[in-house]
Amino acid sequence: MLRIVILGTGNLAKHLYSAFIKAKNVDVAQVVGRNKEALQQFSAHARISNDFNAIADADVYLIAVKDDAINEVSEYLMNKRGIVVHTSGAIGSKAIQHTNKGVFYLLQTFTKGKTVEFSSIPICIEADDKESLETLKTLATSISEKVHHIDSEQRKKLHLAAVFVNNFTNYLYGIGEELCTEEGLSFDLLKPLILETADKIQTMTPQEAQTGPARRSDIKSMEEHLELLDRQEHITLYKLLSQAIKKAHEKEL
């Protein structure tokens, strides 16, 4: 039985807690955080505490806080014998002030109130020694079928890729929704297109799946689109992305 302590009370901490309390051979010994009110949502299946000087003993300590706070939180674990890991995609393990450290990065987007299927989430693990890596692998496989050993430099680039395919595309969804709303149209009209776009890259590369006026170098259509945009940031984005798509496919035109 692996004993774990989750440090943090935010969105990711809640999802980790929900997954691990259902996992076999994992005991969520404690959840520690500064927000007393937020801590109550963890009280049903774990001890809770807002005192970082009273952290329970465990095999693995999962730091699930914002990146800037990882170093500070890890200082409270200096004398603990377990493995101390953070859950960030962009920060190296050196941010942790502990000799036995690692990373437990879940490659997924987590939103409050939206459940996810943990078994299909890639979990990227890293540790300084083989024994700790095996422990993290055991912990990861208790909730996911997709566990990968990825080092810090690989993970940072992977996180950057995730920002492009998730954060940036979601922002573009927001622009699409705004344009629809301006004309009294439902954003639902675009959802089949969004789903088909995501489905296509299951069987072909993004390069092969690319379509649209920029891909075809349809200058007239792009000029008409620009006339419909009234926010400068949207105009800038449209031009920048169209130019990038044209350049990526210029040999095919």
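I take contact to mean heavy atoms within 4.5 Å. I am working on a predicted model, where local features need pLDDT of at least 70, side-chain atom pairs count only at pLDDT 80 or more, and totals for chains, interfaces and linings use all residues. Residues are numbered from 1 along each chain as its sequence is written, and side-chain values use heavy atoms, with hydrogens and water left out.

**Entry: Asp59.** I looked up what Asp59 touches. Leaving aside neighbours within four places in sequence, Asp59 is in contact with Met1, Leu2, Arg3, Gly82 and Ile83. I found Asp59 in the loop between S3 and strand S4 (60-63); strands (E, at least two residues) and helices (H or I, at least four) are DSSP runs, numbered from the N terminus. Its relative accessible area is 32%, so Asp59 is partly exposed; buried is under 20%, exposed over 50%, and partly exposed in between (1.4 Å probe, protein chains only).

**Entry: the sheet.** I traced an open, mixed sheet of eight strands, in the order S3-S2-S1-S4-S5-S6-S7-S8. Two strands pair if DSSP finds at least two bridges between them. Strand S3 (47-49) and strand S8 (146-149) stand at the edges with a single partner strand each, so one side of each has no neighbour in the sheet. I then checked S6 (residues 101-106) and S7 (residues 122-127), which pair in the antiparallel sense over five bridges. Gly102 has Ala127 in S7 as its bridge partner.

**Entry: Val165.** I located Val165 in helix H5 (residues 152-182). Val165 counts as exposed because its relative accessibility is 61%.
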